[in-house]
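Here is a short briefing for a first look at a structure. Take a moment with the sequence and the model before reading on.

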Amino acid sequence: MVEITDVVCSLCGCVCDDIVVEVEDNKVTKVKGACAVGKSKLMGHGRIESPAIRENGSLKDCSYDEAIKKAAEILAAARRPLLYGWSSTVCEADKVGVELAEEIGAVIDNTASVCHGPSVLAIQDVGLPSCTLGEVKNRADLVIYWGANPAAAHANHMKRYSYISKGYWTEEGKKNKKLVVVDVRKTATAKMADVFLQIEQGKDYLVFSALRAMLYGYEDVVPEEVGGISKKDLLETVRMMKEAKFGIIFFGMGVTHTGARHNNIVNAIQTTRAAHTHTKFNIMPMRGHYNVAGINQVCTWETGYPFAVDLSRGYAWYNPGEHSATDLLVRRECDAALIIASDPGAHFPGESIRHLAKIPVIQIDPFPNPTTEFADVVIPAAISGVEAEGNVYRMDNIPIRLRKLVDTEYMADEEIMEGILEEVRAIKGKESE
Amino acid sequence: MKLISGRTIVQGQNLDNKLSEEYFNEVATCEMSKEDMERLGVAAEEHVKVKTSFGEVVVKAKEKAGTPAGIIFIPMGPWANALVSGNTHGAGMPQYKGIDAEIEPTEEEVLHVKDLMKTYMK
């Protein structure tokens, strides 16, 4: 048995890097320090056993070379290909993905477009007064979770970085901190809060506006109740914000997935700015996949834009309401798709899956999932952070290197992508002769 | 009723295990308040049909304290998304939360994930 310390968890945007793993006979046998979700990931699940190509409705096993060649043929022949996913793999694979998108004039999009895409739009609009999770751990005395339930989605977040963590100026942990939770449901996170603001669904914009007005000293314009929250509770929250030495708002899908979308986030950021008239305040999106921040970084370095980038013109064109994967699919515009390190079959609206299920789909993933059910070429990949190493970006955009824990016969995402790119170039080379 | 979706611990534990019974038992469910369960006349594990203007799906009912009356919560996944429109209103983001929905008791079966995906391949 070998004990490996400082293992980096490749599940959520927390990217906890203090996990201890025991490995025996080339298998992870014990995981210590990870949350229940991260532990489940590192212990592993049933795999896609072989590359496969769909023939007459069912998947037939084949070699990696055959699957990669078939994938390249589909992509090279497509007129409007979509390359989607990229958030549960490493930046090195993402970089090859952008290169492939340029080569074939594809639209490249990532899971931000169904997650924190609206946050990206808001940040491009008004900026982001933010910090690192290390600063939160060492300084924050007021933590606000808004439309986020870390007890279920980022289960180590409070312990490692925020409310429960102990840092340089927060050595007594939660004893000297306050927790405010804003949510529609009284979640496990809400039950821990000093102040729980049970908001009416979809009323976030109004409540941010009320807090802004109060922080700027105009509490007289705020009615007795806003979005289901009493003025008394809002005033108490504002008092806590003003008295904090270092405050932070962490926000999640409860804010990005509702009607006002990016406008909610603009208002959340402006509320943070309003708090600056009194004290130090920060705001940070609770990024979901462990490297969704990383594909946003890579895509921005390579094309200038973080997601939903159309490269069909020979230069990068960015208009998320037109080129997000969802929009392309609903318009039935794309005629082939490569899906890597994500599962639109489970997480896209039914309306867009309907088109995806009809076009040729190449899936690259370690695990079978709903997307596999209609994929035409299935290429199994090594699990990044368990069987393959590489760089990822934590939710606060801090780069961390995933480690390899066990050996594998599976190809890494980066190798598979390089294989497809090479084959596509060979096909294009022959066509131009 | 307003439909919302989101993560749960068991849903997260089975992210890489979506074809399993554990995932099915957790995600093909619909949480609501005791008040709404009584109003609909359904007990835990009984089936309900949830309809929106974009689709309908059958899931198992589950009472959950902390869920306000008028809200139904389906864990994020294929069953919730069968009810979601692809209209992003020019922002790239579908509206996954705050969808107007109707809910009624049903004798119909809950589709397993493979059968649910087949409905898209017709």
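The points below go from the whole assembly to single elements.

This is a predicted model, in which local features need pLDDT of at least 70, side-chain atom pairs count only at pLDDT 80 or more, and totals for chains, interfaces and linings use all residues. Residues are numbered from 1 along each chain as its sequence is written, while chains are lettered from A and ligands numbered from 1 in the order in which they are written. Chain A meets chain B through 54 of its residues, against 42 residues of chain B. Contact here means that the C-beta atoms of two residues, placed from the backbone, lie within 7 Å.

**The interface between the chains**

- Several elements of chain A give two or more residues to the side that touches chain B, among them α1 (36-43), α4 (117-126) and α17 (350-356).
- Helices (H or I, at least four residues) and strands (E, at least two) are DSSP runs, numbered from the N terminus.
- α17(A) gives the most to this side, with five residues.
- By class, this side of chain A has 23 nonpolar, 23 polar and eight charged residues.
- Ala, Val, Leu, Ile, Met, Phe, Trp, Tyr, Cys and Pro count as nonpolar, Asp, Glu, Lys and Arg as charged, and the others, Gly among them, as polar.

**Domains of chain A**

- Chain A is assigned domain 1 (46-113 + 290-432) and domain 2 (117-285).
- These bounds come from an automatic or database domain assignment.
- The C-alpha centres of domain 1 and domain 2 of chain A are 34 Å apart.
- Their contact takes eleven residues from domain 1 and seven residues from domain 2 of chain A.
- On the domain 1 side, six of the touching residues are nonpolar, three polar and two charged.

**The nonpolar core**

- The largest nonpolar core has 187 residues.
- Such a core is a set of buried Ala, Val, Leu, Ile, Met, Phe, Trp, Tyr and Cys residues joined through C-beta atoms within 7 Å.
- A residue is buried if 20 or more other C-beta atoms lie within 10 Å of its own, exposed if 12 or fewer, and partly exposed in between, with C-beta atoms placed from the backbone.
- The residues with the most contacts inside this core include Ala71(A), Ile362(A) and Val50(B).
- Domain 1 and domain 2 of chain A each supply at least three residues to the core.
- Leaving aside neighbours within four places in sequence, Ala71(A) is in contact with Leu338(A), Ile362(A), Val377(A), Ile379(A) and Ile420(A).

**The nine-stranded sheet of chain A**

- This open sheet has the order β5-β4-β19-β18-β17-β6-β7-β15-β16, with mixed pairing.
- Two strands pair if DSSP finds at least two bridges between them.
- β5 (58-61) and β16 (317-318) of chain A are the edges; each has a single partner strand, so one side of each lacks a neighbour in the sheet.
- β17 (336-340) and β18 (361-365) of chain A pair in the parallel sense over four bridges.
- Within this pair, Ala337(A) stands opposite Val361(A).
- Helix α3 (91-104) of chain A lies across β6 (81-85), β7 (107-110) and β17, at about 170° to β6(A).
- Axes are lines fitted to C-alpha atoms, for helices over the stretch in contact, and angles run from 0 to 180 degrees between N-to-C directions.

- A second open sheet has the order β1-β2-β3 (chain A), with antiparallel pairing.
- Its neighbouring strands are turned by 25° against each other on average, direction ignored.
- Four bridges join β1(A) to β2(A), and Val7(A) has Ile19(A) as its bridge partner.
- α1(A) lies across β2 and β3 of chain A, running at about 165° to β3(A).
- Six of the eight residues of α1(A) are buried, so this helix is largely enclosed by the rest of the structure.
- The buried residues of α1(A) pack against β2 (19-24) and β3 (27-32) of chain A, together with α1 (9-13) of chain B.
- Gly44(A) follows α1(A) and has a positive phi, near 95°.

**Gln201(A)**

- Gln201(A) lies in the loop between β10 (195-198) and α9 (204-215) of chain A.
- Gln201(A) is buried, with 22 other C-beta atoms within 10 Å.
- Not counting residues up to four places away in sequence, Gln201(A) touches Val184(A) and several residues of chain B, including Lys2(B), Ile4(B) and Gly98(B).

**Strand β2 of chain B**

- β2 (29-32) of chain B is covered on both faces: Thr29(B) and Glu31(B) on one side and Cys30(B) and Met32(B) on the other are all buried.
- β2(B) runs parallel to β4 (56-63) of chain B, joined by four bridges.
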